[in-house]
Amino acid sequence: MTTAPHTAEDLRVLAEQAGRDLEEASALDVLRWAADTFGPRFCVTSSMEDAVVAHLASRALPGVDVVFLDTGYHFPETIGTRDAVAAVMDVNVITISPRQSVAEQDAQYGPKLHDRDPDLCCALRKVAPLEEGLRGYDAWATGLRRDESPTRANTPVVAWDAKRQKVKIAPIARWTQDDVEAYVAEHGVLTNPLLMDGYASVGCAPCTRRVLEGEDARAGRWAGLGKTECGIHL
Ligand code: SF4
């Protein structure tokens, strides 16, 4: 197992080669490659919508780090899912908080920044904390899927994240919603209770609504604001 830090150039070459080699590999094989290649310098990020990628990663690397960004605006169900994941799964949940509390942000920028400038709110409460949370890792895995929305249709399974100088892995990029549900059922994986209550994608409470019949999974995120991504995956 390789645990020493790689140079950025090593990582870029590794990512590009793996992107070609692993496009058709199973999610578990992709994560086994990540575990073998990066060891503890690999982590999973999770929004706690479900614990599918965390579960898969724990099979490849027991005790794997799972990074959760606590924006201060999560639904109680999301925090409960995080706590349940930490309690019952063979993972190490790491919660990262923004530099400012919601009250401190309100004092500096005014209340409900999410309604007035969601890009800035996400930059402060998600993007910047992610940079902090990923420090010390060479590679990170996400639950991005191509079928979630048109903006995610070309998500690579493994790619070079030039912005962060890390390898970015989307082991379930090729999965469908049916694949996710089958895995959850087969392995009894924890999911956010809001998924049973009309929500197809779970983000911060002020920026998430239930989806309507025929809408894509992410239509309930920042509805009406012309925003589709928080910035973490751009
Ligand atoms: S999703 Fe909404 S509340 Fe959460 S960080 Fe982004 S703008 Fe702020």
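## Strand β3 and Val93

Val93 has its place in strand β3. Strands here are DSSP E runs of at least two residues, helices are H or I runs of at least four, and both are numbered from the N terminus. This is a predicted model: local features need pLDDT of at least 70, side-chain atom pairs count only at pLDDT 80 or more, and totals for chains, interfaces and linings use all residues. Residues are numbered from 1 along each chain as its sequence is written, and side-chain values use heavy atoms, with hydrogens and water left out.

Val93 touches Val66, Arg82, Val85 and Ala86, residues up to four places away in sequence not being counted. Contact means heavy atoms within 4.5 Å. Cys43 is 50 residues from Val93 along the chain. Their C-alpha atoms are separated by 10.0 Å.

## The sheet

The open sheet has 6 strands, in the order β3-β2-β1-β4-β6-β5. Its pairing is mixed. Two strands pair if DSSP finds at least two bridges between them. From one strand to the next, the twist averages 30°. Angles run from 0 to 180 degrees between N-to-C directions, and axes are lines fitted to C-alpha atoms, for helices over the stretch in contact.

Strands β1 (residues 42–45) and β4 (residues 139–141) run parallel and are joined by 3 bridges. Phe42 has Ala139 of β4 as its bridge partner. Helix α2 (residues 27–38) lies across β1, β4, β5 and β6 (166–169). α2 runs at about 160° to β6.

## The β5–β6 hairpin

β5 and β6 run antiparallel, joined by 4 bridges. Ala159 stands opposite Lys168 in β6. The two strands form a hairpin with 4 residues between them. Gln165 lies in the loop between β5 and β6. Phi of Gln165 is near 60°, a positive value in a residue other than glycine. Gln165 counts as partly exposed, at 40% relative accessibility. The classes of relative accessible area are buried under 20%, exposed over 50% and partly exposed in between, with a 1.4 Å probe and protein chains only.

Asp161 lies in strand β5. Its relative accessible area is 8%, so Asp161 is buried. Asp161 is in contact with Trp140, Lys166 and Lys168, leaving aside neighbours within four places in sequence.

## Helices α3 and α8

Helix α3 (residues 52–60) packs against helix α8 (residues 177–187) at an angle of about 60°. Their axes are 10 Å apart. α3 is therefore oblique to α8. Angles under 35 degrees count as roughly parallel, over 145 as roughly antiparallel, 65 to 115 as roughly perpendicular, and the rest as oblique.

α3 passes α8 in a left-handed crossing. In such a crossing the near helix is turned anticlockwise from the far one by less than a right angle; clockwise makes it right-handed. On the α3 side the contact is made by Val52, His55, Leu56 and Arg59. On the α8 side it is made by Val180, Tyr183, Val184 and His187. These residues divide into 5 nonpolar, 2 polar and 1 charged. Ala, Val, Leu, Ile, Met, Phe, Trp, Tyr, Cys and Pro count as nonpolar, Asp, Glu, Lys and Arg as charged, and the others, Gly among them, as polar.

## Lys112

Lys112 is found in the loop between α5 (102–109) and α6 (113–116). Phi of Lys112 is near 55°, a positive value in a residue other than glycine. Lys112 is exposed, with a relative accessible area of 52%.
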